[in-house]
Every structure is written in structure tokens, then in C-alpha cells.
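Work through the exercises below with the sequence and the coordinates at hand. Each task is followed by a solution that goes step by step.

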Amino acid sequence: MEINENGIIIERFSDEKLTDQELARREKLKKLEELGVYPWGEKFERTHNSLTCRELAKEKTEEELEANPINVKIAGRILLLRRKGKAAFFNIKDKEGNMQGYISIDTVGEAQYEVFKLTDIGDIVGLEGRLMLTRTGELTIRVEKFTYLTKALKPLPEKYHGLTDIEERYRQRYLDLITNDESKRVALLRPKIIRSMQHYFDEKGFVEVETSVLQPILGGANARPFITHHNTLNKDFYLRIATELQLKRLIVGGLEKVYEFGRLFRNEGMDTKHNPEFTTVELYEAYGDLDSMRQLIEGLIRNTCLECLGTTKINYQGIDIDFGPEFKWVSMAELVKEKLGIDFERNDLTFEEAKEFAISKGIKVETHWTSNGYILNALFEEFCEQDLIQPTFVHGHPIEISPLTKKSKDPRFTERFELYMNCTEYCNAYSELNDPFDQKERFEAQLRAKELGDDEANEMDYDFLNALNYGMPPTGGVGLGVDRFVMLLTNSASIRDVILFPTMKDRK
């Protein structure tokens with residue numbers, strides 16, 4: 001590739017085939033250089049954008065705009081271009097929306113109009129001029145000075161209606177954002193949702209913290225990890241699968257109320273609800289419990305909806321969901337009994353009886369399932385989750401699948417809930433286990449499960465046990481899947497729609 005002293009590409013790699021349009025655009029680079037125009041632009045001071053232009057001209061007539069001129073200076077990408085001899089109408093797009101421009105040789109002069117004639121759809125330009133209304137009443141900038149900012153060497157997707165290949169939308173998010181207003185809406189609403197959540201936690205007296213992504217011990221959740229190697233230490237580390245254990249160490253240290261928006265990594269499958277790299281928020285409150293977390297998370301969801309959407313009622317993929325009423329509270333055992341007729345709260349229910357029942361319902365019983373709790377959870381996931389459309393707190397999880405949670409009055413179950421909405425789990429909360437002897441037994445049970453083939457089981461974290469030995473106050477903790485929550489509030493069908501650059505398979 002050859003580049004001249006002004007940074008203009010003269011020749012591409014010989015094995016790269018260019019389309020006729022791409023060749024024509026490169027020819028225009030040479031003509032721009034001949035006119036003394038640098039096609040990659042420089043700093044451009046804007047005074048307005050498309051939104052503020054519309055606000056300034058709101059309800060004004062053309063006569064009023066003529067009598068009291070509104071001068072503006074904006075920039076954007078050309079998306080529509082209609083040339084008519086010595087004048088042209090064109091549309092530019094910035095972050096806030098679209099704005100029409102009108103340029104003529106009479107207003108900008110012959111030299112600038114010659115530069116304008118070299119523009120293509122996709123080019124980025126700066127406009128200075130005054131606002132006017134066309135005969136059809138469309139707000140327009142009458143361009144008095146035209147500035148070339150960036151030449152687009154490739155044409156935008158045909159008709160500018162976005163990419164038709166969904167996979168390519170995710171791979172080339174830049175093009176998706178240019179051509180798809182819905183994608184841009186989601187991209188801008190996500191940080192607004194997160195900011196609302198942060199403000200809610202801050203107002204409740206919580207402190208936002210950051211903890212390490214590289215962790216020497218696998219823990220805090222049941223998941224397969226990514227493993228990386230630190231060259232200087234000559235040691236393998238896990239990319240964290242949860243932020244839990246480090247945040248609880250901070251509770252031991254006396255920070256009392258902490259939260260973290262953390263990027264997590266789990267080496268598992270990909271589908272519309274799962275991406276290997278995703279975001280959660282975990283929060284811990286000293287002297288709290290499961291009920292504290294229930295009240296906090298219900299208030300958070302209701303407040304975030306009101307702040308970001310202006311309502312507690314949403315429609316997600318054709319299903320109406322209302323966050324206004326009090327969320328339902330029901331145990332996992334109750335749901336399974338209601339749906340299937342088997343009562344896991346019975347003291348005389350044997351493992352063999354529960355196992356045979358599960359097999360009769362088509363459940364594959366894993367070798368490391370050695371007690372009733374595993375069976376209860378499997379039946380719930382297979383037969384009950386699909387019924388949980390309106391916000392529902394499911395509590396009373398089996399101790400076998402809750403290694404970091406306090407036992408309930410019935411020691412077979414724990415003080416834990418998961419929040420379900422639209423048949424999907426969004427949130428997981430505990431009355432946190434702070435008994436170091438009980439915690440060690442739970443870790444040992446996880447090690448036995450790992451020996452029996454459970455590759456998602458936790459490892460023994462001796463440093464965390466050491467922290468508990470210094471005393472952790474009774475604590476409530478909760479984790480919320482941020483990506484799924486954003487999906488719900490933006491009415492996005494896939495997690496890839498709310499992650500700007502999701503993990504993708506290679507092109508075939």
C-alpha cells in the first residue's frame with residue numbers, strides 16, 4: 001500500500017479486489033488532493049447538533065427564521081444526497097438524529113461547491129449556516145460554509161436500511177450503528193440503565209468498588225472457567241466467573257455496603273441468553289439478609305423502569321410484564337409440588353424415590369447427584385421455569401446447589417432466592433453464609449462433587465475461610481445479570497443485541 005505525503009492512499013494491496021464504487025471513491029481522493037483538501041479532516045468545533053437545531057426552531061415559521069436568523073455549526077455523516085445542477089439537498093446523521101442541508105453554488109461559492117461535488121453517501125462533513133424551512137415545512141440548514149471531514153472509501157449497505165445478515169450486524173457493529181436506529185437506541189439506553197442503577201445503590205449508601213479479574217481460585221459460582229497464564233509468576237489464573245468472594249472479603253474488612261458492576265467470563269455455550277463474556281452487578285450489605293435483598297432488588301427494578309422508560313409496564317417480545325404490583329414469593333418445592341405432584345418437603349422422601357420419579361419425567365440423572373436437592377432443582381428447571389412470566393421470587397433452594405448460602409430452618413434448604421421474569425432467571429440472592437465451619441464443609445462437598453465429574457464445582461478457597469475466621473457480620477447479598485436486564489428493558493430478543501461486540505463464531 002502506497003501513501004503520499006498528505007496521507008492519501010494511492011494504491012491498495014495488489015491482491016485486494018475493489019468494486020467499481022470503491023475505485024471511484026479513490027479517484028475522488030486524488031481530485032480532493034488536487035483541490036488542496038485534506039480528506040481525513042481536522043478538529044471541527046460544533047455549536048449545535050440535530051436535536052438542538054430542532055429545539056431552537058420549534059414552532060417557528062419561515063418568516064420568523066428569516067427575521068431572526070439562527071446560525072448553527074454541525075457535523076455528521078451523509079445518508080441521503082439529491083443533486084440538482086448547481087444546488088443539492090442532502091441529509092446528515094449525528095448521534096441525536098438526522099438534519100437536512102441545502103447547498104448551492106450561490107451561497108458557498110464555486111470553489112466549495114466543487115469540493116461538495118466530490119462527496120458520496122457515507123462521507124462525514126461539517127456544515128455552517130442558518131436554519132430555514134423548505135416549502136414542505138422541513139427544517140433545513142442553508143449551508144454557507146462546507147467543510148470536508150472524512151472520505152468514506154466503502155459505500156454503506158444498499159438503501160441504508162441496515163445489514164440484512166444478522167451475524168454481520170454483530171461483527172460490523174459500526175455499520176449496524178450507522179444504518180440501524182434501533183441498534184443505536186439500545187446502545188445509548190444501556191448506559192442510561194446502568195447509571196440509574198448506580199444512582200439507586202449510591203442513594204442507599206452503597207459504595208462502588210473494583211476487584212480483580214484474574215483469580216487463583218475458582219469460586220463464587222458454578223461454571224466452567226477460562227484459564228490464562230501469567231508469564232512473570234509462571235502461574236495459571238482463572239478469568240473470574242463471579243465477584244462474590246472478593247466482595248465478601250470487603251464486608252469482613254468493614255466496608256459494610258459494597259457493589260460492583262463486573263465483567264465475568266464463563267467458558268460455556270452461546271445462545272440468545274448467554275455470551276461467554278458478560279456483565280453482572282453484585283451487592284453485599286452487612287447486617288442485612290434475604291429479605292433486605294428482596295426489598296432492595298424489587299425497588300431497584302421498579303425505580304430503573306420509571307427513570308429510564310417512564311413506566312413500570314413493558315411489553316417484551318409480545319408479552320406484557322408489570323413491575324408495579326408486589327412481586328410474587330414462592331418456594332421451589334411448592335412450585336414443583338403444584339406442577340408435578342411430588343413433595344420434596346417430605347422428610348420420608350428417599351433419594352431412590354426421587355431419582356425414579358425424575359427418570360420417569362425424562363430427566364437425565366448425573367452421577368454426582370447423590371441427594372434429593374439435585375433432583376428438585378432439575379425438575380424445577382425443566383418443568384416450572386416456563387410458567388414464571390410475571391416477576392417472581394423463587395426461594396428455598398436445596399443446599400446441594402447453594403454452597404455459599406445460609407441454611408434455612410429446614411437444613412435441606414437455604415436462605416436464597418432467584419428472581420424470574422418472562423421465564424428467565426435474572427437475579428440470585430442469599431443470606432450469606434458466615435459460619436467458617438459450615439463454609440468449609442460446603443467447600444469439601446464441592447470438591448467431592450468435582451471428583452464425581454462436576455466440572456463446574458467450586459474449589460477450596462482457604463484465604464476466604466481465613467477471612468471468615470476474623471468474623472463476617474450477618475450479610476445479605478445479591479447478583480443481577482445486567483445484560484439480561486437490559487434485554488428486557490430494551491425489548492431485545494438476543495443478548496448480542498445489547499452487547500456492542502459479542503463473541504462470534506468464525507466466518508465460514
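The model is predicted, so local features need pLDDT of at least 70 and side-chain atom pairs count only at pLDDT 80 or more, while totals for chains, interfaces and linings use all residues. Residues are numbered from 1 along each chain as its sequence is written, and side-chain values use heavy atoms, with hydrogens and water left out.

**Exercise 1.** Determine which strands pair with S19, and whether S19 is mostly covered or open.

Finally, turn to strand S20 (residues 475–481), which is antiparallel to S19 and linked to S19 by five bridges, with Leu 480 of S20 as the bridge partner of Cys 427.

**Exercise 2.** Describe the largest cavity by its volume, its lining and the helices that supply the lining.

*Solution.* On a 1 Å grid over the protein atoms alone, a cavity is a set of points where a 1.4 Å probe fits but cannot get out, and lining residues have an atom within 4 Å of a point. The structure holds three cavities of 30 Å³ or more, and the largest has a volume of about 40 Å³.

Its lining includes Arg 173, Ser 183, Arg 190 and Asp 497. Helices H6 (173–179) and H7 (181–203) each supply at least two residues of this lining, and the largest share, four residues, comes from H7. By class, the lining of the largest cavity divides into five nonpolar, one polar and three charged residues.

**Exercise 3.** Which residues lie nearest the centre of the second largest pocket, and which strand gives the most to its lining?

*Solution.* A pocket is an open set of points with protein on both sides within 12 Å along at least five of seven lines. The second largest pocket holds about 340 Å³ of space. Of its 16 lining residues, Arg 77, Lys 93, Asp 94, Lys 95 and Lys 184 lie nearest the centre. Strand S3 gives the most to the lining, with four residues.

Technical notes
Buried means under 20% relative accessible area, exposed over 50%, partly exposed in between (1.4 Å probe, protein chains only). Two strands pair if DSSP finds at least two bridges between them. Grid points are joined across faces, edges and corners, and a volume is the space filled by probe spheres set on the points. Ala, Val, Leu, Ile, Met, Phe, Trp, Tyr, Cys and Pro count as nonpolar, Asp, Glu, Lys and Arg as charged, and the others, Gly among them, as polar.
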